[in-house]
Amino acid sequence: MLILTRRLGESINIGNDVKITLLEIKGNHVRIGIVAPPEMAVHREEVYRLIQEQNIGAARNVGTGSLGKLWKELKNKNR
Amino acid sequence: MLYPTKLFGEIAVEETNIIKVERGIFGFEQLKRYAVIAADPETPLFWLQSLEEPQLAFVIVNPFIIIDEYEPEIRPADLAELEIEDRADVIFMAIVTLRENYLETTANLRAPIIINRKNLQAKQVVLDDLTFQIQYNMIANISDEREAAEDCQKMKDELARISCSPVL
């Protein structure tokens, strides 16, 4: 991993299109500004982790029975 | 070709019906080939069965049945990656999480699987729009009106078209 030291207000450029700026430091919180092209996905890491965990949980729950029965139960309950 | 599965035994899947997820599904990145299985064609629920791991199958739902006007913004890069030229060619699927208490069944609307209906290349995308929930409660949002709506019926037909029937 490349490790760089930056002061408040300073930036890091990644390639030609991505710029990361250190905006604010408050205790152990750091605010970071990111400029990236719209086609590039930028998300907090925990979003990916949550989705990964959700998928793994979804995969674990199979074999619960027929989807027809589940769908009927879901619909009837909502009436 | 025949593929072994845990839930349906051996299933026959035509090469042209294989869903190709080049980057895999988050958490299962190494698995890239799936089939949509209509085990119960009366419902908007389908199985997304891995053709490489017989144990792995997700329950997926037509998202239009649980939310109005599901038209999330999709990155041009994602559309390009799947060679989608027209947004009308996108098929949406949301992964369902079943729980012991079926009242808590949720669908992931934040990270839908999008499929190019023309070549069946697919990808699980993460939407920027935070209003779409990862754990969206299904039971509170099912309605006959939604089910009868045009976009919902259209997506139902699309999913049915790309799905295989298991021989049980």
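**View 1. Chain B covers helix H1(A).** Strands E6, E7 and E8 of chain B are among the elements that cover the buried residues of H1(A). Helices (H or I, at least four residues) and strands (E, at least two) are DSSP runs, numbered from the N terminus. This is a predicted model, in which local features need pLDDT of at least 70, side-chain atom pairs count only at pLDDT 80 or more, and totals for chains, interfaces and linings use all residues. Residues are numbered from 1 along each chain as its sequence is written, while chains are lettered from A and ligands numbered from 1 in the order in which they are written.

**View 2. The faces of H1(A).** A:Ile51, A:Gln54, A:Asn55, A:Ala58 and A:Ala59 are buried (20 or more other C-beta atoms, placed from the backbone, within 10 Å of the residue's own). Seen down the helix axis, the buried residues of H1(A) fall within an arc of 135° (from the directions from the axis to the C-beta atoms), so they line one face. On the other side, A:Glu45, A:Glu46, A:Arg49 and A:Arg60 are exposed (12 or fewer such atoms).

**View 3. Where the chains meet.** In chain B, 32 residues are in contact (C-beta atoms, placed from the backbone, within 7 Å) with 29 residues of chain A. Strand E6 (57-61), helix H1 (76-81), strand E7 (90-97) and strand E8 (106-116) of chain B each give two or more residues to this side.

**View 4. The elements of chain A.** Chain A has two helices and three strands. From the N terminus on, they run β-β-β-α-α.

Note on methods
Two residues are in contact if their C-beta atoms, placed from the backbone, lie within 7 Å.
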